[in-house]
Amino acid sequence: GIVLVAINPYEQLPIYEQDVIYAYSDQNVGDMDPHIFAVAEEAYKQMARDEKNQSIIVSGESGAGKTVSAKYAMRFFATVGGSASETNIEAKVLASSPIMEAIGNARTTRNDNSSRFGKYIQLGFDKRCRIIGANMRTYLLEKSRVVFQAEDERNYHIFYQLCASAGLPEFKELAL
């Protein structure tokens, strides 16, 4: 399949805005510059044409921008699938597990809020290729951070949040 190598610029760039989504929509791979939207468009077209499930695998080192790339792909699908303004599927999918994110994010030397989870996201489409739902499964990748962290890094944020809130009256009620 298609392979895209992306580099995290650690800042917002105008190459992910709505007009860029529309520019890549209905294009063939290779007609435009390599982009996450080109990969998403190819998967979307093949799904619609062949009526078969498609997969996009986003892989890379810590801080490479995997989560952000997945967000951009979902934004593309929500826009071309006609769902973006109606239900904001992207936001719903990404906000579906805030507790898991609080438990599973840590500080690394490259990223102050780096996800320590792998994510498997399934988007459901109807016969008209519109997003009708989503399911996200998360799995803990770096269990070692529970008991150890490298110098200048911090283990899971939730431990620090719990310690910082230990004096609050609600804390006792939670039996923690």
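Gly82, which comes just after helix 3, takes a positive phi of about 75 degrees; helices here are DSSP runs of H or I with at least four residues, numbered from the N terminus. The model is a predicted one, in which local features need pLDDT of at least 70 and side-chain atom pairs count only at pLDDT 80 or more, while totals for chains, interfaces and linings use all residues. Residues are numbered from 1 along each chain as its sequence is written, and side-chain values use heavy atoms, leaving out hydrogens and water.

Helix 3 itself covers residues 66-80, and because its 15 residues should span 21 Å at 1.5 Å a residue (the expected span being 1.5 Å times one less than the number of residues), the 21 Å between its end C-alpha atoms agrees. Buried residues in helix 3 are Ser69, Ala70, Tyr72, Ala73, Met74, Phe76, Phe77, Ala78 and Thr79, where buried means under 20% relative accessible area, exposed over 50%, and partly exposed in between, with a 1.4 Å probe and protein chains only.

A salt bridge requires a side-chain nitrogen of Lys or Arg within 4 Å of a carboxyl oxygen of Asp or Glu, and by this rule the count comes to one. The side chains of Arg49 and Asp50 meet in a salt bridge, at 3.2 Å from N to O; Arg49 is exposed, with a relative accessible area of 55%, whereas Asp50 is partly exposed, at 36%.

Leu176, in the segment after helix 8 (169-173), is exposed, with a relative accessible area of 62%.

Conventions: Helices (H or I, at least four residues) and strands (E, at least two) are DSSP runs, numbered from the N terminus.
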